[in-house]
Amino acid sequence: MCGIVAYLGKERAAPILIDGLKALEYRGYDSAGIAVLEKDGVFLERAVGKVAVLEDKVAKRGESEGSVGIAHTRWATHGGVTERNAHPHRACGGAIYLVHNGIIENYKEIKSELKSKGHEFLSETDTETIAHLIEDIRKDVSVLEEAVRLALGKVRGTYGIAVVSEDEPEKIVAARNFSPLILGVGKNEFIIASDATPIMKFTNNVIYINDGEIVTVTPSGYRIRTIGNEEISRDPEVLDLEIGIVDKGNYPHFLLKEIDSEPDAVRDATRGRLEIGSGNAKLGGIERVEDEIVQVNRLHICACGTAYLAGAVGEYMIEEYAGVPVELDLGSEFRYRKPIFEENDIFLAISQSGETADTLASLREAKEKNVLTLGVVNVVGSTVSRETDAGVYQHAGPEISVASSKAFVSQVAIMALLTLFMGRRRGMSLVTGERIAKELSAVPAFMESILRRKEEMKKIAARYASYTNFLFLGRKYNYPIALEGALKLKEISYIHAEGYASGEMKHGPIAMIDENFPSVVIAPQDSVYEKNISNIQEIKARRGPVLAIATEGDKDIAKLADDVFYIPKTLEMLTPLLSVVPLHLFAYYIAASKGLDVDKPRNLAKSVTVE
Ligand code: M6R
């Protein structure tokens, strides 16, 4: 989704801004641009396509010397993917330049009013309206940050913005409403960005800008005010991220690197938290509200996409082993469906980025109802992590590929920890707790044994790469994994894939099965094994090709399925952590064999910050 970088310091801004945009590329975008304040005017360049195209254009035009500038990667919402619609946008008077993430809902009304006053618009975007609005207000209010503040008072919608003006060349004004913005405070320099990745190279001193706040940076410092004109005093805090992690090393794609680090993601999620001897989990981030968690009446889990599927695995675990009723919701539905909360209900948001708009809106809805809110989040300091009452960090490190992989297994591992945490405080026996804890501690090594057989999955994937439709089937704990396998395949290879609960096949999808419609069936030796075997038989009776994900040593399944990929035996509730690994590899190898942009699939964004 859109990305913002802004720089004010002593260095040349253009290369810093381009580098910053490169760091944001993983979020997904379709065009990019920069505007740098020069001694004699503004250096504005925009390009459709990769940041490399923009970089090339900037280099061809020669040196831009200015040390204050703003830049943007755009993910089209209002208006097509054109250079004219790319940001930065300029107001018609020529002094004001602006970049924006988010959506301005009342832009049409504002635009028509401004047009009637003589403002001329050059793009189809909602964003350009804010630039003209600021310009219009500046006829009466000369100070840029005050004009921005008054303009934002008239705007309805979501935004992260950064604004510069030719007539106040040593200033950047940025503001946030429902779209993340972070200020990096370096030595005599400031960098503002929509996520931490462009900032990490410069400094680890950061300030998170909150909704409704405006930050102004000048060579003499920063100042934060609210849109209501209240002064805010906030010191930088230390950002805890390692630069080295955001590097794909010798891997052809970040996704393969991230799938390969799934065992470490589980290790990092459980390190210091798993207490095998007492069959328990120590979760420092939620201990403060332990009493309320023990008395929980119903847990409302809310998330989107792959994070939702981690929640779906959690639903099975928590209900079966902790005896807590769970209600699972998609963020995009929860926020509109008038959810009912009862006494002692708890809301749990799961989000890798911690910025997903639908999850965030649902969290705010729950907060309004005075429910205790918890979060399972990967990005430290993200909005969900800051707005929940308590939570558990994933510690999975930055996930760069748009398709989520290591974050998913880390979330599932945390679901298992939560199960122990709640279960052991609500009557789960020591023996059961110990068994789960011990088996969970063995999972990373099991995952490694699967990953050592990557080449085997690569060969299987090659045999299936030419099919155009897939059915993914799984039951109970592996039903969410069937959905995840299908989601991953469609999002990175653009192949149609449907995930179904195995038992539902006979209620519809079976009509599609023939020799050209393969099924991937997750059939470990668990409590629903026999039922999955019957499904495979039904598919084979209709000549459908079958790839089975099965438990090591299961020779019978090999007689039925066309291909089998074996996973180690583990507890039923933990099989998702193993069965998902071959499915991630399957999707990866099919997409890579087609030469697709695996890490940045078309039309997708890493963190979906608009509705
Ligand atoms: O950052 P979040 O975990 O809140 O993101 C949720 C979804 O947007 C995300 O999982 C998405 O479905 C991925 N592209 C899946 O691979």
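**Figure 1. Asn 344 in the loop between helix 11 and strand 20.** In this predicted model, Asn 344 sits in the loop that runs between helix 11 (331-334) and strand 20 (345-351), where helices (H or I, at least four residues) and strands (E, at least two) are DSSP runs numbered from the N terminus. The phi angle of Asn 344 is near 65°, a positive value in a residue other than glycine. Residues are numbered from 1 along each chain as its sequence is written, local features need pLDDT of at least 70, side-chain atom pairs count only at pLDDT 80 or more, and totals for chains, interfaces and linings use all residues. Side-chain values use heavy atoms, with hydrogens and water left out.

**Figure 2. The cis peptide bond between His 87 and Pro 88.** The bond that joins His 87 and Pro 88 is cis, with omega about 0°. Pro 88 is placed in the loop between strand 4 (68-74) and strand 5 (89-90). Most residues other than glycine have a negative phi, and most peptide bonds are trans.

**Figure 3. The shell of residues around the ligand.** Of the 13 residues around the ligand, Ser 351, Gln 352, Ser 353, Thr 356 and Glu 491 come nearest, a residue being near if one of its heavy atoms lies within 4 Å. Helix 10 (305-322) and helix 17 (479-493) each supply at least two residues of this shell, and helix 10 gives the most, with three residues.

Figure 4. Polar contacts are pairs of N or O atoms within 3.5 Å. A polar side-chain atom of Ser 351 lies 2.6 Å from an oxygen atom of the ligand, and an N or O atom in the side chain of Ser 353 is likewise 2.6 Å from a ligand oxygen atom. For Lys 488, a polar side-chain atom lies 2.8 Å from an oxygen atom of the ligand. Taken alone, the ligand exposes 410 Å², of which the protein buries 91%; accessible areas come from the Shrake-Rupley method with a 1.4 Å probe.

**Figure 5. Where domain 1 meets domain 3.** An automatic or database assignment divides the protein chain into domain 1 (3-244), domain 2 (249-452) and domain 3 (454-611). In domain 1, 10 residues are in contact with nine residues of domain 3, contact meaning heavy atoms within 4.5 Å. The C-alpha centres of these two domains lie 43 Å apart.

Definitions and conventions: Polar contact = N/O pair within 3.5 Å; in protein donor to acceptor, adjacent residues only side chain to side chain.
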